[in-house]
Amino acid sequence: MKNEKNEIKIKTKGVTAVICAEREKLDGLGEDCYSYSFDSTDVGYIAVFDGCGGMGARKYPKANNKTGARIASRAAACITDEFYGEKLFRFDGSDCRNLQSRMKEAFQRIKSAVDSDGAAMMGGDLFKSLPTTAAIAVIKNNDNSRMVCEYLWAGDSRGYFLDADGLCQVTKDDLKTDEDAFSNLRSDGRMSNVIHADGDFRINSETLILDKPIIIITSTDGAFDYFSSPMEFEHILLSTLLEADSAEKWEIRLSEAISPVTGDDFAICAALFGFTSYGDCKKYYKERFEYLTKKYMNRITEDTTEKELLSLWGSYKLSYYRR
Amino acid sequence: MGSNYKMKYNVDIVFVIDATGSMGDLIDIVKKNALNLHKDIETMMGQKGKIIQELRIKVITFRDYLADGENAMLKTDFFNLPEDTEVFNETINSITAFGGGDDPEDGLEALAYAIRSKWNTEGLKKRQLIVVWSDAPAHELGFGKSAENYPKKMAKDFNELTQWWGDKDNMGYMDYNSKRLILFTPDLPWWNEIRNSWDNVIHYMSEAGKGLEEVNYKQIIDAIAYSI
């Protein structure tokens, strides 16, 4: 599912803007998608979903020959949006379990509907029916200076916040091996948990109280997984933010900047809170951008060795994992 | 650096091919496409924004130690593609489907050889793929050990072969994050046991004894590309 911009009404006070950048590598065949909503209550959400192309490569004739991966990401987005629409996010520690049950039930129903006799039989742990990752940030924004943000996720899509101290990854990738954001760029760790229709899976959660102003971000791996280091992902977020003169232009610039780097579909959502205007937001992040550029980006060139990159990451990760 | 940074992969693939009598059609597909294999994999990878830095392919054909004697197991070294395309093509085109004895074949011994290949361990990103094609169940390991040419250092049973494959706590002979096993085989022993108990496996289940007639070249290339 993809929410069209003109259908979205952002009524919640304190939300400066929401941007969603995405790209389908092949038109009509993309496996990533986003959804978001901010209604007139204090609660809103942004979310991204990445149908897992390898595990979910099977095509379903009953669903216009779409892959399981594409069906799954869109189904997860619809279910999340319904869950939000029914005002079921309660911030009491039960959201992950309730959303998980809802997804499990719905995915099994969808599988029954699209499965057909005569389809290729596939199995093994590299195959799943309707597999998708999810990264959802549900925000309760009922205070002038602070807000509650509940991150819900499965797989390797990520939830972040970005403030004056830089980008912070809140979610922890579900991987079979122990990797951090830097090592996983090299090792491509196998996922240990994704939403799917064959049995058990888990939706993780982490709730933080965050000070405004701030940007909350959810992203699929297509947006961050094709750089040589996590610093470069923050740099592309900030450089495009500062180049643009409105949230709409930031969305376009971000999409244009990530597209040539990534080899994958991607979806990224960002919600800006506590800024009086886009110009105010730019002013707020200018110093951080200069620091990031001077301390890290100016030292990352074509000739930077792995050892040097690792050393820079060693310093950067202290703030990247500061939650 | 960001915009110039592309994922460069060192990819090793071992084709493990049942070369018994019923497998002629599948072998013909591989023969027909051997010359284009490098280009086709590279194109698929390019569409995913992944660049192949080095592609090496090795071929193992298997039959039945007791029934086929010295033709039971034939192995090549890795071919570097595209440099070795001509000799790779000649090798593939020399494979002929014959023999086999009883229904099951010695596929597990072939898989054991594949697992112990000299994998490329260089490079930041690598993939180690084994692709098995067979329309028959596999004999238990050691079924053919009374044959003169049965290998001396073979895994003694399925448990040992499982250790050779490894898991996240026990590395085995292949890199845990890089390895993938793609099975185009029937839902029969021991292929189904592998599917149910090994990590990093995808099993395209085929009908027994039909020479994998339902498998086509695009499916093979897709399966490889999705696994890299």
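**Helix contacts and a chain interface**

Me: What makes α5(A) and α6(A) a contact?

Reply: Ile236(A), Leu237(A), Thr240(A), Leu241(A) and Glu243(A) in α5(A) meet Trp250(A), Arg253(A), Leu254(A), Ala257(A) and Ile258(A) in α6(A). Contact means heavy atoms within 4.5 Å. By class, these residues are seven nonpolar, one polar and two charged. (Nonpolar covers Ala, Val, Leu, Ile, Met, Phe, Trp, Tyr, Cys and Pro; charged covers Asp, Glu, Lys and Arg; the others, Gly among them, are polar.)

This is a predicted model: local features need pLDDT of at least 70, side-chain atom pairs count only at pLDDT 80 or more, and totals for chains, interfaces and linings use all residues. Residues are numbered from 1 along each chain as its sequence is written, chains are lettered from A and ligands numbered from 1 in the order in which they are written, and side-chain values use heavy atoms, leaving out hydrogens and water.

Me: Why are α5(A) and α6(A) called oblique?

Reply: Helix α5 (residues 230-243) and helix α6 (residues 247-258) of chain A have axes that cross at roughly 135° and come within 8 Å. (Helices are DSSP runs of H or I, at least four residues; strands are runs of E, at least two.) Under 35 degrees is roughly parallel, over 145 roughly antiparallel, 65 to 115 roughly perpendicular, and the rest oblique. The pair α5(A) and α6(A) is therefore oblique.

Me: Why does α1(A) with α2(A) get that label too?

Reply: Helix α1 (residues 68-85) and helix α2 (residues 95-114) of chain A pack at about 130°, with their axes 10 Å apart. So α1(A) and α2(A) are oblique. Ile71(A) and Phe83(A) are among the α1(A) residues that meet α2(A), whose side includes Asp95(A) and Ile110(A). The classes are 11 nonpolar, two polar and three charged.

Me: What makes Lys176(A) and Asp199(B) a salt bridge?

Reply: Their side chains meet at 3.8 Å, N to O. The rule asks for a side-chain nitrogen of Lys or Arg within 4 Å of a carboxyl oxygen of Asp or Glu. Lys176(A) and Asp199(B) pass. Across the interface of chain A and chain B the rule finds three salt bridges.

Me: How much area is buried between chain A and chain B?

Reply: About 2800 Å², with 54% from carbon and sulfur atoms. (Buried area is the accessible area, with a 1.4 Å probe, that two parts lose on being put together, summed over both.) In chain A, Leu126(A), Asp188(A) and Tyr226(A) lose the most to chain B, together 18% of what that side buries. The contact takes 35 residues from chain A and 30 from chain B.

Conventions
Axes fitted to C-alpha atoms, helices over the stretch in contact; angles between N-to-C directions.
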